[in-house]
Amino acid sequence: MIEFIVIILIVGLAGIISNQYSALRRLDRMQRSLDELNVRLQEMKDNEHRR
């Protein structure tokens, strides 16, 4: 019985870690997209000032 509970806990923890890692990757991709947008907006802003 204890072995079964330990296995369930390990599987549950593995699932939680996997979900956290997946969320971290999504946030990382979102951050890169926002950084790219920020750079493009800054370039547009700089081009406006040069005119």
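In which element is the place of Ile8? Select Ile8 and you will find that its place is in helix H1, where a helix is a DSSP run of H or I with at least four residues, a strand is a run of E with at least two, and both are numbered from the N terminus. What you have open is a predicted model, in which local features need pLDDT of at least 70, side-chain atom pairs count only at pLDDT 80 or more, and totals for chains, interfaces and linings use all residues. Residues are numbered from 1 along each chain as its sequence is written, and side-chain values use heavy atoms, with hydrogens and water left out.

Next, show the whole protein chain, which has one helix and zero strands. The radius of gyration, taken over C-alpha atoms, is 22 Å, well over the 10 Å that the globule rule (2.2 Å times the number of residues to the power 0.38) gives for 51 residues, so the protein chain is more spread out than a compact globule. Along the principal axes, its C-alpha atoms fill a box of roughly 75 × 10 × 5 Å.

Now select Ile5, which is found in helix H1 (residues 2–50) and is partly exposed at a relative accessible area of 42%. Ile8 is also partly exposed, at 48%, where buried means under 20% relative accessible area, exposed over 50%, and partly exposed in between, with a 1.4 Å probe and protein chains only. Buried residues make up 0% of the 51 residues in the protein chain.

Finally, select Ile8 and Arg50 together: they are 42 residues apart in sequence and 63 Å apart in space, C-alpha to C-alpha.
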